[in-house]
Amino acid sequence: MRQHTRGSWIGWLFVLTLLGHASWNVYAFQRNQVEFPPDQIVRPRSRQLEVLAAESSMTVVRHTFASYHRIARRFAGKTFVIGDDHLPHRFSLERMARVNVEVVSGRLTLPDDVFARLVPRALTYSWHLTSRTPLGVILSEHETRYVLVSREDRKVDLLMPESLYTHERATSAGVAP
Amino acid sequence: MSQWALFITVYLLGTSICLALGPRRHPVLCCALGFPIGLAVLAGIELLFLGTGVPFTRVTGLVAMLIVFAAAIVWLRRARPSRFVWQRAAWSTLAFVLVSYVITRENLSVLTYDSHYILLVSGAIARDGVLWPGMLGMLGNYGVFQILAHSLVLFTDHGFLWALQPMFAASAIAVFAIALAQGLDALGVKLRWRALAIAVVTFATFSIYMLLRHAFYIQTNFATATYLLVFCTLFWLSEIEQETSRLPVAFVAIFAVALQRIEGPLICVLFLSLSVLPSRLPSRALLPGLLGASVAVFGWYMLLATGASEDSKFLSPTRSYLMACVLLGFTGYVALSRWRWSTPLPWLNRRAPLLVPALFALALALAFALQLDHMRKSAAGWLQCLTVTPYWEHAWVVICGLALLGLAIPGVPFRWMFVCGIPCNMALILLLVLKRTPYYVGMGDSAARMAIHVVPLAFFYFGLKFLPLLAHEPSASSQVTGDR
């Protein structure tokens, strides 16, 4: 019969430690799967990045990143005209949301009453380029150029067809479009 | 192409490279290394394309892959591998195909801000195939490797590669188990229940919640742990067998570690100091691989420096230059110290396992002396993360306990990468906080995540150290070394 040395006892202690450790790991995994927030656990998820971003508990992801995916899906290849106050979004809009961007100097705005009138026409107000500012979207089927307009108080952005923007701008200035 | 087909392509590329340039006497190990090494080589190719301004598209990428694959096959045929090699490779490939099929069926990925950021940037690179002005600044926030790896989505019809992280995990598990088996063989250990013992160590390692979660979490940490495991195990096996065929693959892994995270080159130099400096392996086997990896890393960080922002809290141009030079400088030192006339340097190199921990201890003492509150707050938060939180549970208590228990028995030869590398890596993590906000208690904290990097190494070493005690014949090398 094999004689047990101090070494072999340490070896068995090692194996027992590992077995206990592994058993606890299994318990910890199933416990964490129950107790951790749903977006932090391992579970089957959508294969669409847009859906995953929209479901995120992180505000920047849910708002800004999800909006890049949405813009890419609906507007890829189209042209956005933005004012230089939106310049920080240029790179992300071009490379991540896949739209062409033209920058004009100054802010692109419309008066509050025009905004109020256009709100019902917006497809959504749940998009955001920045977390603080909701982005309304007015879609036009054949339009290839859109303008990103801010309300004068900068609390709402609106993405609208350029033709509509030109019309509203002229109307609000009292000039026949 | 589906994600599954892409992974098989990457695997075939990596396996052919490992069989051609690596340890072809061990075809199963080559196959386990196939996916991570194939991915690292592809990332290197893509980086070369992007860095030189050549668009990385489906066509150019496939042509580059075919050229590398053809070169590896030609090289492999010249070596005339035996029927045994082909048979083992065929069975291992079948196993990979089945495992990757299962893994790619369902998206189980966990995503946070970092994950979405990585996927947005990689998606942009995949679509455009170039680095636009402004993109380098964005790459400075994270390591580039994951972005390059995820940009391979361009070869598929998916939105993103949700199965990439689980593939890393599967590869890490295979490398861990196979390298541990080879390590026990190299130590002359004859275990009656060897496969079961290795399975227990492997399961105990990869069932830790933090590792398990990161096997699905799109981040840099599991991949860093995988490549660090590949480097350390291959280098240790080369050292113990005094056989150099594994080294080229080991240095591909070091290249991948350097690109994983922005502090990657520092991690590389730490582990290289404890492996290459005291090594008895010949310079002609060490230097080419080390130089190749260093030059590639140098090129990337120099390019990154041109786009990094001066006010970046992560990677400024100055830090980019430092990261560019640190690995190349180390390689220069290795070359100089192995030159026949550099008498005092080999003396220093042999003492690297003492000097490196001493340097880190000194650096930590200085850091605490200079920024006591900042360091104390970070250390306390990190310690709490590693010992009492539900995501690390008791894993580090077990690691520390086994390390203490190990003091009672003989050490494993060439153990410096493990016994000095792991504590020094922890010290490095603590030192990295000097230039950033303090570490905090939370699953997303950098330090809590970076602790993952060395966990497989710790358990690999414990396997080498403790399993021989269960052998029915004492191991030759344990008797020879006898030290602790």
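This is a predicted model: local features need pLDDT of at least 70, side-chain atom pairs count only at pLDDT 80 or more; totals for chains, interfaces and linings use all residues.
I take a salt bridge to be a side-chain nitrogen of Lys or Arg within 4 Å of a carboxyl oxygen of Asp or Glu.

**Salt bridges, chain A.** I looked up A:Asp85 and A:Arg107, which form a salt bridge with the closest N and O atoms 3.7 Å apart. A:Asp85 lies in the loop between strand 1 (79–83) and helix 4 (90–96) of chain A, and A:Arg107 in the loop between strand 2 (100–104) and strand 3 (109–110), so this pair ties together parts that are 22 residues apart in sequence. A:Asp85 is partly exposed at 26% relative accessibility, and A:Arg107 is partly exposed at 29%. I then turned to A:Glu162 and A:Arg145, whose side chains meet in a salt bridge at 2.7 Å, N to O; A:Glu162 belongs to helix 6 (residues 162–172) and A:Arg145 to strand 6 (residues 145–151) of chain A, 17 residues apart.

**Salt bridges, chain B.** I found B:Arg246 bridged to B:Glu241, with the closest N and O atoms 3.0 Å apart. B:Arg246 counts as buried at 0% relative accessibility, whereas B:Glu241 is partly exposed at 29%.

**Largest pocket.** I noted a volume of about 1100 Å³ for the largest pocket, and among its 39 lining residues B:Arg261, B:Ile262, B:Phe314, B:Arg436 and B:Ser446 are the closest to its centre. By class, I recorded 19 nonpolar, 10 polar and 10 charged residues in the lining.

Conventions: Residues are numbered from 1 along each chain as its sequence is written. Chains are lettered from A and ligands numbered from 1 in the order in which they are written. Side-chain values use heavy atoms; hydrogens and water are left out. On a 1 Å grid over the protein atoms alone, a cavity is a set of points where a 1.4 Å probe fits but cannot get out, and a pocket is an open set with protein on both sides within 12 Å along at least five of seven lines; lining residues have an atom within 4 Å of a point. Grid points are joined across faces, edges and corners, and a volume is the space filled by probe spheres set on the points. Ala, Val, Leu, Ile, Met, Phe, Trp, Tyr, Cys and Pro count as nonpolar, Asp, Glu, Lys and Arg as charged, and the others, Gly among them, as polar. Helices (H or I, at least four residues) and strands (E, at least two) are DSSP runs, numbered from the N terminus. Buried means under 20% relative accessible area, exposed over 50%, partly exposed in between (1.4 Å probe, protein chains only).
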